[in-house]
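Please look over the sequence and the structure below before reading on. The paragraphs that follow go from the chain as a whole to a few individual residues.

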Amino acid sequence: MSQVQIVSERLAPLRDMLNVDGYDLVVHDGADGLVAEITAGEAACEDCLVPKHVMRQYVDTMLEPEYGSDAPQLELVYPADAGH
């Protein structure tokens, strides 16, 4: 199983929570490692998306059981991030 698949599987519960508020979470390869990209659908609740630093804590906590302190580098991209 690839790193993308492993990380995506570990973050599935978070993806399900985001889907309820109109967001999606996709994990893919990036230039400097993996990217966890959150995108907003048409009916996304802007007030429902927690600040990026809080989401980062959620992501790190969800990856810890799989990787411990050896988690792959993972860039977190929000809908408002420039260039995405």
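The mean positions of the 4 positive and 16 negative charges of the protein chain lie 4 Å apart, where Lys and Arg count as positive and Asp and Glu as negative, while His and the chain ends are not counted; each charge is placed at NZ of Lys, CZ of Arg, CG of Asp or CD of Glu. This is a predicted model, in which local features need pLDDT of at least 70 and side-chain atom pairs count only at pLDDT 80 or more, whereas totals for chains, interfaces and linings use all residues. Residues are numbered from 1 along each chain as its sequence is written, and side-chain values use heavy atoms, with hydrogens and water left out.

The protein chain holds 3 helices and 3 strands, arranged from the N terminus in the order α-α-β-β-α-β; helices (H or I, at least four residues) and strands (E, at least two) are DSSP runs, numbered from the N terminus. Because its radius of gyration of 12 Å is close to the 12 Å that the globule rule gives for 84 residues, the protein chain is as compact as a globular protein of that length; the radius is taken over C-alpha atoms, and the rule is 2.2 Å times the number of residues to the power 0.38. Along the principal axes, the C-alpha atoms fill a box of roughly 35 × 25 × 25 Å.

Of the 84 residues, 32% count as buried, a term that means under 20% relative accessible area, with exposed meaning over 50% and partly exposed in between (1.4 Å probe, protein chains only). Among contacts (heavy atoms within 4.5 Å) with a separation of 6 or more, 54% are accounted for by residues 24 or more positions apart.

Leaving aside neighbours within four places in sequence, Met62 is in contact with Arg10, Leu11, Pro13 and Leu14. The C-alpha atoms of Met62 and Arg10 are separated by 6.4 Å, although the two residues are 52 residues apart along the chain.

What does a search of the whole structure find in the way of disulfides? The search finds 1 disulfide, defined as a pair of cysteine sulfur atoms within 2.5 Å, and this link joins Cys45 to Cys48 with an S to S distance of 2.1 Å. The link of Cys45 and Cys48 is right-handed, with 70° about the S-S bond. Cys45 counts as partly exposed at 27% relative accessibility, and Cys48 likewise counts as partly exposed, at 35%.
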